[in-house]
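The following paragraphs lead from a pair of strands to a single residue and then to the relation between the chains. Please keep the sequence and the structure in view while reading.

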2 protein chains.
Amino acid sequence: MTRKDVLVLEDLLGTNKQIAAEIRRELGSRGILGVNLLSSPGSGKTTLLEGLADRLKSRHRIAVIEGDIETERDADRIRAKGVPAWQITTGGACHLEAKMVGPVLARVPADIDILFIENVGNLVCPAAFDLGESLRCVLLSAPEGDDKPAKYPQAFLTADVLILTKSDLIPYLTFDPGKAAGEALLINPRLKVFRVSALRGEGMDELASFFVNALRERRAGRA
Amino acid sequence: MTRKDVLVLEDLLGTNKQIAAEIRRELGSRGILGVNLLSSPGSGKTTLLEGLADRLKSRHRIAVIEGDIETERDADRIRAKGVPAWQITTGGACHLEAKMVGPVLARVPADIDILFIENVGNLVCPAAFDLGESLRCVLLSAPEGDDKPAKYPQAFLTADVLILTKSDLIPYLTFDPGKAAGEALLINPRLKVFRVSALRGEGMDELASFFVNALRERRAGRA
């Protein structure tokens, strides 16, 4: 990187941080828990959100912002669950930035409890961009392999929650969930770890309860 | 993106293109087939290279440049196969650039036939950076889902070869290899498609033969 590149990057991240702080204040004042989901493509973010929608929507108002480079597919899947969803297509950009989320926030109804933001599928770049969330979750699917935390540390370092997904495939893989979690906890010991199969339901009730508790704690802290 | 960001990016890509052209000339003059492997983290790039090493190394001299954000793990796995490997750790950067590959090239022995370059696990950013390769291969693993080409088009648009990996897992998934290939071919009709399981061996001989033929054609074209 040249000196000029570094200055442009610092400028970009500085601006992002300011806008993220504004989003965090707005979500806080509206009592909304903001959750940013990060992972590689195909780790199961949308399927996880479908499973969480089934478990949360009867007692809580949830909404989803979908980030993708192209297509409205993920938002359509969420809407099919009866959950409001807005698609941001980045048109080439490899991550969401706070300035893309801000304008969508104005369209999110006032009475939402939890706003999930599904980032672009990319285990690297989204980690550098705060979106004003209260909780950052990184997903690692069993087929990706238990060696990924050490190879892609930034996402695991900046997350609050690690969700090991597609646990139903573990019998057909050499994936060791203990090793994956152990490597991630070496990078970031405060990670809360869940292991789920959104397809079969394993661990999904616990994960849904975790978000409900986080919402309660957040609102209690605000009171 | 601001006007300043665009100028910096154009500058970066322009410089990359120049260095990539130099690498391409050097590989060409040395009769080396350069192959750039792109995919999400955990799509099986290193396992594919291990399987190709087993099939190619008795009759051809192959070498590998490994790109990772952190760790020497992938290079160690390749070296364990008796194949020379050099690790580039990008220390945060989400893709390889030609300027990172150039200095390593000086260390690649003169009599190498095929030089594989395993990019950083990222289906987005590496697609923008020519590394001077003759063949670009994009891997898509069955667990990632057959909807990925349309969502991450750039990698599929710029590749010469699509390798559908982890076919042994298809019985446990809803993955439709025909749909995945069809979506990719809509984006880029000149893609050559392979379906493999590096673990079980399915399709690996055909893929190895493809690279040997590509090497022959390249050298014949040069003669």
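**Strands, a residue and two copies**

In chain B of this predicted model, strand β6 (residues 161–165) pairs with β7(B) in the parallel sense over 4 bridges; two strands pair if DSSP finds at least two bridges between them. Helices (H or I, at least four residues) and strands (E, at least two) are DSSP runs, numbered from the N terminus. Within this pairing, B:Phe194 of β7(B) is the bridge partner of B:Ile163. Together with helix α7 (residues 177–187) of chain B, β6(B) and β7(B) form a right-handed β-α-β unit: with the strands pointing away from the viewer, the path from the first strand over the helix to the second runs clockwise.

Strand β7 (residues 192–195) of chain B contains B:Arg195. B:Arg195 is partly exposed, because its relative accessible area is 38% (buried means under 20%, exposed over 50%, partly exposed in between; 1.4 Å probe, protein chains only). Beyond its neighbours within four places in sequence, the contacts of B:Arg195 include B:Leu164, B:Ile170, B:Pro177 and B:Glu202, contact meaning heavy atoms within 4.5 Å.

Chain B can be laid on chain A by a turn of 180° and a shift of 0.0 Å along the axis, with an RMSD of 0.0 Å (least squares on the C-alpha atoms of residues with pLDDT of at least 70 in both). This is the relation of a two-fold axis. Of the interface residues of chain B, 100% are also interface residues in chain A, so the copies meet through the same surface.

Residues are numbered from 1 along each chain as its sequence is written, and chains are lettered from A and ligands numbered from 1 in the order in which they are written. Local features need pLDDT of at least 70, side-chain atom pairs count only at pLDDT 80 or more, and totals for chains, interfaces and linings use all residues, while side-chain values use heavy atoms, with hydrogens and water left out.
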